[in-house]
Amino acid sequence: MTAEQIALWAGAATAVCALGAAVWQAIRAVVRIAGRMDEVVDDWRGQPARPGVPARPGVLERLGRIEERVAAVEYELHPNGGASLRDAVNRVDARTARIVDGGV
């Protein structure tokens, strides 16, 4: 075997190793991304309860709960004939104004 052939084979082996390393890195990156996507999907859909682990609600269920809470707060912010927080604030304000004006 001549020196040129040895150099050619060494160059080819180096190229094959470099290509293999690049493919390996690409596969590792894809596997990491796929694992993260599984976590995102699990968080989106939620997880049922398992022995020793409580259930985790999904994003849509949690958003529904938030909407219910916001609706309850909005209900208290508008007068409704005496039962809301807004009505209570208005009554306290009216009483305070009467006291400040000198009449009780």
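View 1. The model is predicted: local features need pLDDT of at least 70 and side-chain atom pairs count only at pLDDT 80 or more, while totals for chains, interfaces and linings use all residues. Residues are numbered from 1 along each chain as its sequence is written, and side-chain values use heavy atoms, with hydrogens and water left out. Helix H1 covers residues 3–45, which is 43 residues. Helices here are DSSP runs (H or I, at least four residues), numbered from the N terminus. From its first C-alpha to its last, H1 reaches 63 Å, close to the 63 Å expected at 1.5 Å a residue; the expected span is 1.5 Å times one less than the number of residues.

**View 2. Ala18 in helix H1.** Ala18 is found in helix H1. The residue is partly exposed, with a relative accessible area of 46%. Buried means under 20% relative accessible area, exposed means over 50%, and partly exposed is in between (1.4 Å probe, protein chains only). Between the C-alpha atoms of Ala18 and Glu67 there are 54 Å, and the two residues are 49 apart along the chain.

**View 3. Gln47 in the loop between H1 and H2.** Gln47 is placed in the loop that runs between H1 and helix H2 (59–76). Its relative accessible area is 23%, so Gln47 is partly exposed. Leaving aside neighbours within four places in sequence, Gln47 is in contact with Asp42, Ala55 and Arg56, where contact means heavy atoms within 4.5 Å. The side chains of Gln47 and Asp42 make a polar contact of 3.2 Å. A polar contact is a pair of N or O atoms within 3.5 Å; within protein, one must be able to donate a hydrogen and the other to accept it, and residues adjacent in sequence count only if both atoms are side-chain atoms. The C-alpha atoms of Gln47 and Val92, which are 45 residues apart along the chain, are separated by 47 Å.

**View 4. The salt bridge of Arg56 and Asp43.** A salt bridge of 3.0 Å, N to O, joins the side chains of Arg56 and Asp43. Arg56 lies in the loop between H1 and H2 and Asp43 in helix H1, so the pair ties together parts that are 13 residues apart in sequence. A salt bridge is a side-chain nitrogen of Lys or Arg within 4 Å of a carboxyl oxygen of Asp or Glu. By this rule the count is two salt bridges. Arg56 is partly exposed at 43% relative accessible area, and Asp43 is partly exposed at 40%.

**View 5. The salt bridge of Arg65 and Glu61.** The side chains of Arg65 and Glu61 meet in a salt bridge of 2.9 Å, N to O. Both residues lie in helix H2, four residues apart, about one turn of the helix. An α-helix has 3.6 residues a turn, so residues three or four places apart point the same way. Arg65 is partly exposed, with a relative accessible area of 44%, and for Glu61, also partly exposed, the value is 44%.

**View 6. Asp87 in helix H3.** Asp87 is found in helix H3 (residues 85–100). Asp87 is buried and has no salt bridge; Arg91, the nearest side chain of opposite charge, is 5.4 Å away. For charge, Lys and Arg count as positive and Asp and Glu as negative, while His and the chain ends are not counted. The side chains of Asp87 and Ser84 are joined by a polar contact of 3.2 Å. A polar atom of the Asp87 side chain lies 3.4 Å from the backbone nitrogen of Ala83.

Key
Helices (H or I, at least four residues) and strands (E, at least two) are DSSP runs, numbered from the N terminus.
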